[in-house]
Amino acid sequence: VQLQASGGGLVQAGGSLRLSCVASGRTFSRHHMGWFRQAPGKEREFVAAISWSGGITHYADSVKGRFTISRDNAEGTVYLQMNNLKPDDTAVYYCAAKIAGALITVNYDYWGQGTQVTVSS
């Protein structure tokens with residue numbers, strides 16, 4: 001599975017962005033998907049995840065109520081809708097895929113290249 005993330009940019013605090021991650025390959029619908037982020041000088045952290053069917057979602061406490069993960073298996077795409085953005089959300093955001101196992105972990109099998117999100121105060 002190859003992953004291509006996009007949709008990052010510069011936004012003011014309180015604004016919104018929608019990230020997209022397009023997957024190549026025919027097995028996308030069998031993969032759980034996750035979004036992660038890494039700020040300068042910090043370790044990569046879990047943001048959100050969605051099961052292969054879309055029936056199960058998980059969020060980091062820091063983004064609950066503001067971010068929404070969704071997927072379109074027909075289009076091979078996973079989304080991260082980010083609302084009420086804060087300066088602390090500034091990071092490079094990565095999408096990732098795994099075939100099985102726990103969703104709330106950084107241990108995913110395939111990773112995209114990352115897209116920069118910058119939130120100004």
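Author: What follows takes the labels one by one, on a model that is predicted.

Reader: Start with the sulfurs. What makes Cys21 and Cys95 a disulfide?

Author: The sulfur atoms of Cys21 and Cys95 are 2.1 Å apart. The cut-off is within 2.5 Å, so the pair qualifies as a disulfide. By this rule the count comes to 1.

Reader: Which parts does the pair tie together?

Author: Cys21 lies in strand E3 and Cys95 in strand E9, so the link ties together parts that are 74 residues apart in sequence. Both Cys21 and Cys95 are buried. The angle about the S-S bond is 60°, and the link is right-handed.

Reader: Now the rings. Why is the pair of Phe36 and Tyr108 called edge-to-face?

Author: Two values decide it. The ring centres of Phe36 and Tyr108 are 5.0 Å apart, and the limit for a pair is within 6.5 Å.

Reader: Where in the chain do Phe36 and Tyr108 sit?

Author: Phe36 is in strand E4 (residues 32-38). Tyr108 is in the loop between strand E9 (91-98) and strand E10 (110-111). The two are 72 residues apart, and the pair links distant parts of the chain.

Reader: Is Tyr108 buried or exposed?

Author: Tyr108 has a relative accessible area of 7%. Buried means under 20%, so Tyr108 is buried. Phe36 is at 0%, so Phe36 is buried too.

Reader: What makes Tyr108 and Trp111 a pair?

Author: Their ring centres are 6.4 Å apart, and the limit is within 6.5 Å, so Tyr108 and Trp111 pair. The planes are at 65°, and over 60 degrees is edge-to-face, so that is the label.

Reader: And why does Trp111 count as partly exposed?

Author: Trp111 has 29% relative accessibility. Buried needs under 20% and exposed needs over 50%, so Trp111 counts as partly exposed. Trp111 also belongs to one aromatic cluster with Phe36, Phe46 and Tyr108. The structure holds 4 aromatic pairs.

Reader: How do you know that the charged end of Arg44 sits over the ring of Trp111?

Author: The charged end of Arg44 is 4.7 Å from the ring centre of Trp111.

Reader: What makes E4 and E9 paired strands?

Author: E4 and E9 share 7 bridges, in the antiparallel sense. Pairing takes at least two bridges, so E4 and E9 pair. Trp35 has Cys95 as its bridge partner in E9.

Reader: How many bridges join E4 to E5?

Author: There are 5 bridges between E4 and strand E5 (residues 45-50), which run antiparallel. Arg37 stands opposite Glu45 in E5. The hairpin of E4 and E5 has 6 residues between the strands, and there Gly41 takes a positive phi near 80°.

Key. Residues numbered from 1 in each chain as written. Predicted model: local features only at pLDDT ≥ 70, side-chain atom pairs only at ≥ 80, totals over all residues. Heavy atoms only, no water. Phe/Tyr/Trp six-rings, centres within 6.5 Å; stacked < 30°, edge-to-face > 60°. Helix = DSSP H or I, 4+ residues; strand = E, 2+ residues; numbered from the N terminus. Buried < 20%, exposed > 50% of the residue type's maximum accessible area, 1.4 Å probe, protein only. Lys NZ or Arg CZ within 6 Å of the ring centre and 35° of its normal.
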